[in-house]
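Dear colleague,

Please find below the structure that I promised to pass on to you. My notes on what was found in it follow directly after.

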Amino acid sequence: MRTVIPLDTRSLFPLERQALSELLRSLDAADWAKPTACPGWDVHDVTAHIVNDHLRRISGARDGYSGAVFEQGDTLPTYLARVNGEFVRAMRQCSPQVLIDLLDHLGPQLDFIWAATDLAGPAHLDVSWAGPGSSPAWLDIAREYTEFWVHHQQIRDAVSRPGADDVLMMRPVLITFLHALPFALRDRVRPAGTVVRFEVTGPAGGQWTAVSDGAGWDLGSTPAPRPAASVRMDQDTLWRLASRGLTVDEARRRTERDGDPELSDAAMTLLAVVA
């Protein structure tokens, strides 16, 4: 796993959770039943899934309990799709208030776990979309923050309540997702020093580079005046592309690209979820 931009997102979890709690408490019954970008899931289902994420991480990180039972033929994506669906269906018997209460109860417990984590140590769960091999703990935690933030935004989209997208909360999501860029470029071998520039416009955006060492790619933030390829998209497009709220083709129509088309095409396949 090749990356050089560490983040400490731990202080953001309470902020994001408070914004989500305030949003959920303001919803009426019709809002909870509105469909979201997650196929087949409404607002109630996505909220239940966030609860499941908390339960799974606390069980594993605090208690060392996996509980994972893979069925014959399961891959990680099929396993997650199956158990996530099972949990969401079971939680449809629970009221919205129960879901809110569970998040209020579980969130601080997860905060406590993160606070006691050595950010430079090994991840409890490796971040597969950033590349093979071990991941640092800070990236595992940042990945979890993006998971909560994206689902939060999916709920806001569903009920037409934009928010929780200020620079403080959104910029770490974009930076975390860009750690998938070297992996997206893995099959494009170029001479050492070749640069792909990735520019994200908007208040939370910035400019990043993927630099080849002749065998792989490293993520950096040093400006590159003469990149071999460049990609320029707005911040909304990036997070939706990385979480597949937009298809690659949809994102391409919202993106400016220049230079080596193989490199820019590969950069556009950036994916920061397990799929």
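In this predicted model, which side chain meets that of Arg57 in a salt bridge? The partner is Asp140, and the N to O distance is 2.8 Å. Arg57 belongs to helix H3 and Asp140 to helix H6 (residues 137-159), so the pair ties together parts that are 83 residues apart in sequence. Arg57 has a relative accessible area of 3% and Asp140 one of 2%; both values are under 20%, so the two residues count as buried.

A search of the whole structure gives 24 salt bridges. Helix H6 also provides Asp157, which pairs with Arg240 in helix H9 (residues 235-242).

Arg190 sits in the loop between helix H8 (181-184) and strand S1 (195-201), while Glu262 lies in helix H11 (residues 261-267), 72 residues away. Arg190 is buried, at 17%, and Glu262 is partly exposed, at 43%.

Helix H1 (12-25), helix H3 (43-62) and helix H5 (96-115) each give two or more residues to its lining. H1 has the largest share, five residues. Five of the lining residues are nonpolar, two polar and three charged; among them are Glu16, His54 and Phe148.

Yours sincerely

Note on methods
Residues numbered from 1 in each chain as written. Predicted model: local features only at pLDDT ≥ 70, side-chain atom pairs only at ≥ 80, totals over all residues. Heavy atoms only, no water. 1 Å grid on protein atoms, 1.4 Å probe; cavity = no way out; pocket = protein on both sides within 12 Å on 5 of 7 lines; lining within 4 Å. Helix = DSSP H or I, 4+ residues; strand = E, 2+ residues; numbered from the N terminus. Nonpolar A, V, L, I, M, F, W, Y, C, P; charged D, E, K, R; others polar. Salt bridge = Lys/Arg side-chain N within 4 Å of Asp/Glu carboxyl O. Buried < 20%, exposed > 50% of the residue type's maximum accessible area, 1.4 Å probe, protein only.
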